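Me: I would like a close look at a single part of this model, with the terms spelled out as they come up.

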Amino acid sequence: MTLSVNPAERRLQVSGVLIILGLLVEALCLAWRGPLAFLVFLGVGGLLLFAGIILFLISLVYHPGPES
Amino acid sequence: MTLPVSFLLLLILFSVALIAVLFVRPGVTVTRGGKIMAFLVLFFLPILCATMGISSELERSKSTAFCLSCHIMEPYGKSLRIDDPSYLAAAHYQNHRVPAEEACYTCHTNYTMFGTAKAKLRGLRHVYVYYFTTPPPPEKIKLYEPYNNRECLHCHEGARSFEQGAVHNSDPGLLPAVKANKKSCISSGCHEVVHNVGTLANVKLWNGGS
């Protein structure tokens, strides 16, 4: 499974990977009952989700127009 | 596992599956439907999952089990099972004067607008102290500030046993002083035996709740 050669699609794919990782961290933290779970959820999962969502929004803003 | 957590885990799995489809076929986003799907799975669903996750974790952090999961808090958990009604915390816990599932949180959260937020920020400090410094022994742990009667009055004010109690009315100035937080409920001679974790070796424990 490779990344697309199209820059816009590649950004979407990277964004998707970041969000999947963030969601998996969140799922692990929900199953893990330790007191550090919330911190890991916010610190690692939240950061990955945030990065993925921002990258997705950037890909919308910088979507190449039909002339390019 | 409670229903919302199970539901949230299912929602996370569903989101991951949809994102995986988008990863394998990013070309679907050229269509209007694909764009809407991308927005839903890369923006709306992750935010929904994160919001529900934070809410779930915050709710879980109120539980007695969560507070007692730190090794240093074990004696405080044990003090809730002391078989002696003069121990204030034990009497409240065992008689369900506070919700047994949220016993620590119920008494140790300020009943003010930002009480919960303050409790969570202090919780972060506790994590720092626990993992990155040498925490004090359990019997040396102190409250940040003297225990405010407001937390007791949140439940007891207006209750007949409190307002008309013989000891509370033995001195006409006592109840007004307690209500004004000028005389502490846990001051000497009143309800001063609270957790007293230093004396746990000499007390009998109640096992009825287990």
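Which residues have the most contacts inside the largest nonpolar core?

Reply: They are A:Ile19, A:Leu23, B:Ile19 and B:Leu42, in a core of 28 residues. This is a predicted model, in which local features need pLDDT of at least 70 and side-chain atom pairs count only at pLDDT 80 or more, while totals for chains, interfaces and linings use all residues. Residues are numbered from 1 along each chain as its sequence is written, with chains lettered from A and ligands numbered from 1 in the order in which they are written.

A nonpolar core here is a set of buried Ala, Val, Leu, Ile, Met, Phe, Trp, Tyr and Cys residues joined through C-beta atoms within 7 Å. Buried means that 20 or more other C-beta atoms, placed from the backbone, lie within 10 Å of the residue's own.

At least two residues of the core come from each of H1 (7-31) and H2 (37-61) of chain A and H1 (3-24) and H2 (32-60) of chain B. Helices are DSSP runs (H or I, at least four residues), numbered from the N terminus. H1(A) gives the largest share, nine residues. B:Ile19 touches A:Gly16, A:Ile19, A:Ile20, B:Val41 and B:Leu42, leaving aside residues up to four places away in sequence; contact means C-beta atoms, placed from the backbone, within 7 Å.

Two helix pairs between the chains come next. The axes of H1(A) and H2(B) come within 11 Å and cross at roughly 20 degrees (axes are lines fitted to C-alpha atoms, for helices over the stretch in contact, and angles run from 0 to 180 degrees between N-to-C directions). H1(A) is therefore roughly parallel to H2(B), a word used for angles under 35 degrees. Among the residues making this contact are A:Ile19 and A:Leu23 of H1(A) and B:Leu42 and B:Pro46 of H2(B). By class it has nine nonpolar, five polar and one charged residues; Ala, Val, Leu, Ile, Met, Phe, Trp, Tyr, Cys and Pro count as nonpolar, Asp, Glu, Lys and Arg as charged, and the others, Gly among them, as polar.

H2(A) and H2(B) pack at about 165 degrees with axes 10 Å apart, so H2(A) is roughly antiparallel to H2(B), the term for angles over 145 degrees. Here A:Phe41 and A:Ile53 are among the residues of H2(A) that meet H2(B), whose own include B:Leu42 and B:Phe43.

Notes: A residue is buried if 20 or more other C-beta atoms lie within 10 Å of its own, exposed if 12 or fewer, and partly exposed in between; C-beta atoms are placed from the backbone. Two residues are in contact if their C-beta atoms, placed from the backbone, lie within 7 Å. Angles under 35 degrees count as roughly parallel, over 145 as roughly antiparallel, 65 to 115 as roughly perpendicular and the rest as oblique.
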